[in-house]
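Welcome to this tour! Open your viewer, have the selection tool ready, and follow along stop by stop.

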Amino acid sequence: MSDVYSSWFQNTDCCNWIGIQCDSKTNRIGGIHLFIGDIDGQIPPSVGDLSHLTALTLNHFKNVTGPIPQSITKLKHLEVLDLGDMSLSGPVPHFLNQLTLLTRLDLSKNQFSGSIPPNLSDLKNIISIHLDGNKLTGSIPESFGKFTGTVLDLYLGRNKLTGRVPKFLGALNGAIDLSRNKLIGDASFLINPNHSFIDLSRNEFEFDLSKVKFPKDLNIFDISHNKIFGGIPDEIKNLESLYTLKVGYNRLCGKIPTGGIMKRFKSTSFFHNKCLCGTPLTISCKKN
């Protein structure tokens with residue numbers, strides 16, 4: 001173990017160890033937050049014995065491998081499970097739905113494979129799910145449109161997901177990232193007032209952008225590298241919160257809107273479309 005954890009010695013008060021947070025009244029471990037140093041091996045089943053744990057955060061340890069132990073379901077007070085940017089593998093465990101108080105689940109940037117467990121929608125307090133950057137296959141579960149929480153950030157990008165997006169996802173509130181998968185069909189229903197962060201890039205979506213009504217609070221919008229057609233609605237120039245716009249590598253046509261916020265965006269936001277024209281592209285629009 002790295003020198004960063006030189007305070008971790010037996011027969012010393014673990015509440016003084018780096019990365020350990022204890023309850024001031026009970027002196028029981030309530031949080032583990034480890035981000036730096038060198039740690040290897042697997043998550044030990046004994047982690048389930050920390051009965052007062054509310055947060056388990058292990059990030060950026062590429063030598064931590066193996067599955068998530070089922071003993072983690074013993075942590076009945078756990079609210080945050082953040083195991084991002086490691087080398088965990090196997091399926092995303094179906095037993096995670098037993099962590100009924102969970103508000104944040106982050107398993108991003110690992111080696112998880114197989115399908116997404118539909119029963120994650122049983123997590124009634126969840127507000128953020130990050131499964132991006134894995135090797136997940138299959139379709140997005142229909143049950144994901146039935147989360148009962150008021151806000152849900154859903155990050156499923158950079159996997160190998162296929163099929164159509166369930167219509168229920170349009171009702172979720174928060175960020176939605178479905179980028180870099182193999183999803184198909186009409187995803188225009190995701191462009192609605194519930195979502196201010198929308199990344200649908202690098203899929204095979206097909207829909208008419210000219211029929212979309214943009215949410216007023218949209219700040220990130222990336223639909224690049226798809227098969228989206230139509231024109232860019234003129235109302236986009238009035239979206240004061242929009243600072244990231246990427247619609248390149250599609251089949252869009254017509255004049256790019258001007259005025260308002262459009263001066264924020266360079267030609268790279270629009271290039272490689274079927275017949276888009278006008279500023280900031282160097283392609284002039286033909287006069288009728």
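**Stop 1: a buried asparagine**

Start by selecting N181, which sits in the loop between strand 14 (176–177) and strand 15 (182–185). Keep in mind as you look around that this model is predicted. Is N181 buried or exposed? With a relative accessible area of 6%, N181 falls under the 20% cut-off, so N181 counts as buried.

Now show the side chain of N181 and look for backbone oxygens around it. The backbone oxygen of L178 lies 3.1 Å from a polar atom of this side chain, and the backbone oxygen of S179 also lies 3.1 Å from a polar atom of the N181 side chain.

Next, select what N181 touches beyond four places away in sequence: L156, G157, R158, N159, K160, L161, R202 and N203.

**Stop 2: a serine in a strand**

Move on to S87, in strand 7 (residues 87–91). S87 has 19% relative accessibility and therefore counts as buried. Which backbone oxygen does the side chain of S87 reach? That of K62, at 2.7 Å.

**Stop 3**

Eleven of them form an open sheet with mixed pairing, in the order 1-2-4-6-8-10-12-14-16-18-20. At the edges are strand 1 (20–22) and strand 20 (244–246), each pairing on one side only. In general, strands of a sheet pair through backbone hydrogen bonds, either parallel or antiparallel.

Zoom in on strand 18 (residues 220–222) and strand 20: these two run parallel and are joined by three bridges. Select I220 and then T244, its bridge partner in strand 20.

**Stop 3: the largest nonpolar core**

In soluble globular proteins, nonpolar side chains tend to be buried together. Here, the largest nonpolar core has 78 residues, and those touching the most other members are L56, L81, L83, L96, L209, F221 and F270. Strand 2 (29–34) and strand 4 (55–58) are the elements that give two or more residues to this core. The largest share, three residues, comes from strand 2.

Finish on L56. Apart from neighbours within four places in sequence, L56 is in contact with I32, V47, I72, L78, V80, L81, D82 and L83.

Note on methods:
Residues numbered from 1 in each chain as written. Predicted model: local features only at pLDDT ≥ 70, side-chain atom pairs only at ≥ 80, totals over all residues. Heavy atoms only, no water. Pairing = 2+ DSSP bridges. Helix = DSSP H or I, 4+ residues; strand = E, 2+ residues; numbered from the N terminus. Buried < 20%, exposed > 50% of the residue type's maximum accessible area, 1.4 Å probe, protein only. Contact = heavy atoms within 4.5 Å. Polar contact = N/O pair within 3.5 Å; in protein donor to acceptor, adjacent residues only side chain to side chain. Core = buried A, V, L, I, M, F, W, Y, C linked by side-chain atoms within 4.5 Å.
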